[in-house]
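Please consult the sequence and the model alongside the text.

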Amino acid sequence: MNKIVYSIAIIFLFLGNTIKAQSNSDINCPIIPRPVVYQLSSGDFGLVNNELQINTNNLPTEIGFYLKKQLESAFSIKTNLIEDQGVILFKKIKNVPYGTYSINISDNITITYSSEESCFYAVNSLLQLIEKNGRDLIIKKCFINDYPKFEWRGMHLDVSRHFFTTDEVKRYIDLMALYKFNTLHWHLTDDQGWRIEIKQFPKLTEIGACRDSTLIGYLNDSPRKYERKRTEGFYTQEQIKEIVDYASKRYISIVPEIEMPGHSRAALAAYPEFSCTGKQLGVPGLWGQFEDVFCSKPQTIEFIKKILDEVIPLFPSKYIHIGGEEVLQSRWLECSNCTKVIEENKLTGVNELQSFFVKQIETYLTSKGKVLIGRDLNYMNKLSGTSVSMLSKEITSNSNYYKIANDSEYCNFNQIQYKLEKVVVGSFLPLEKVYEFNPIPKNFTNLESAYILGGQANVWTEYISSMFQLEYMVFPRALAMSQVLWCREQKPSFESFKKTLIDYQFPFLYRYKVNYSIAILNPEKVE
Ligand SMILES: [Zn+2]
């Protein structure tokens, strides 16, 4: 049965005769991302005495605990999980599209789901339906049928430029889960800090996780303005396991990023023997692109493989991100070791040396059952065809390799959303623009589109130094991104999205104590 026929069948199967005569897109649905089908009925489901009994039959245990915790902490609803009883009922169904769930709210609440993750999506949708009506909490009677568009619905977090604690990363994961993101791209290493414990190479964190200064003015200021304060931080392997496990209970896969061959100054500060010059350099408080990158000699490749040997078992995700872009080649040009690699492998020069470097890592990751992701790799044809390219510009290539849309114009949440804001990288990215983002180019056929796994927003933290500020930069823009990545059918107009945001989502975020931006309420100041 095709999806449209299925959706229609489900509607008729479940709906009573009380549907209001409104088309789907007219109705202001509280949920973001907007479900495929939302049909409002008459009347409310009231929460008597602010209490809810949840029937645990067919309810995955961890999801039951999650739902209870959310209802109690964000809504102060007394919640009991009881076998064979209760007004929230769960039912597992088969033979529906990936991620499908439905919610039918009448005198009780029936949730059907196809997989544990879709059950989790249903529960998160249910939370967004709870409204205040006077002193009471109610849920408007309705029917929802829903499933996602893209399989990669990502948020990125840079913990190198500024470190975020285990609890802060968990908070970020919690907030992602509310909006059905399923991938955390965790930027664990960069020039400004190495944040993951590697037991064979303890100096990576003893030296590479600390720096003495941080740029606080613009990159082009003269003189540049620094905060002269020592900062440090890294995650032990135990903490990483704890975070990965925490995320998996929220159906979020964590993709670690270990940057190479560029953006490696923190690693080289710890082990300068793996650079081209061998010179001892510090961990920079400045950002940008640096000339010192990993040398391409075999000893460096072995060093990286040993690091990956410790990274791989920590992350069940099939993907490992290696960055791979912004590699200055000046040191390679002057390096006798790099010249030797070029000659011995009959390479045409440093460009081919870069693809040769990445190819060796790809082969290694493949042998360990992992898939390489790189950013803007312009030599995908030199790789095996299984690797994935994350593209920071508009996708134009329809070549047969997998892609993740990450156009920096729409996806970099380190840009300002309000003209009066402080120093940032990049320029102006208002909510409307994020909402316009479309991972699939207009002229792509269905077959070409199938190579686009999805998209993600990036949170680069050069100038984001606290969780409070991070939340401000991410919300509500993450809601626009979640809509873009989830909505299979045409998404509602921006005006409709904005109304949902103001009527339902700002109060919802408030319940979760999120420090969201209200720039959208002052549009005249945004221009
Ligand atoms: Zn070299």
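**Backbone, core and helix packing**

Glu 326 is partly exposed, as 14 other C-beta atoms lie within 10 Å; a residue is buried with 20 or more such atoms, exposed with 12 or fewer, and partly exposed in between, C-beta atoms being placed from the backbone. This is a predicted model, in which local features need pLDDT of at least 70 and side-chain atom pairs count only at pLDDT 80 or more, while totals for chains, interfaces and linings use all residues. Residues are numbered from 1 along each chain as its sequence is written.

Q: What is the phi of Glu 326, and in which loop is Glu 326 found?
A: Most residues other than glycine have a negative phi. Glu 326 is not a glycine, yet its phi is positive, at about 50°. Its place is the loop between strand S18 (319-323) and helix H9 (330-334), where helices (H or I, at least four residues) and strands (E, at least two) are DSSP runs numbered from the N terminus.

Q: Is Asn 50 buried or partly exposed?
A: Asn 50 belongs to the loop between S1 and strand S2 (51-55), and its phi is positive, near 55°. Because Asn 50 has 14 C-beta neighbours inside 10 Å, the residue counts as partly exposed.

Q: What is omega for the peptide bond from Met 260 to Pro 261?
A: Pro 261 lies in the loop between strand S17 (253-260) and helix H7 (265-270). The bond from Met 260 to Pro 261 is cis, and its omega is near -15°.

Q: Which residues does Ile 111 touch?
A: Ile 111 is among the residues with the most contacts inside the largest nonpolar core, which has 139 residues. Such a core is a set of buried Ala, Val, Leu, Ile, Met, Phe, Trp, Tyr and Cys residues joined through C-beta atoms within 7 Å. Two residues are in contact if their C-beta atoms, placed from the backbone, lie within 7 Å. Leaving aside residues up to four places away in sequence, Ile 111 touches Ile 88, Phe 90, Tyr 101, Ile 103, Cys 119 and Ala 122.
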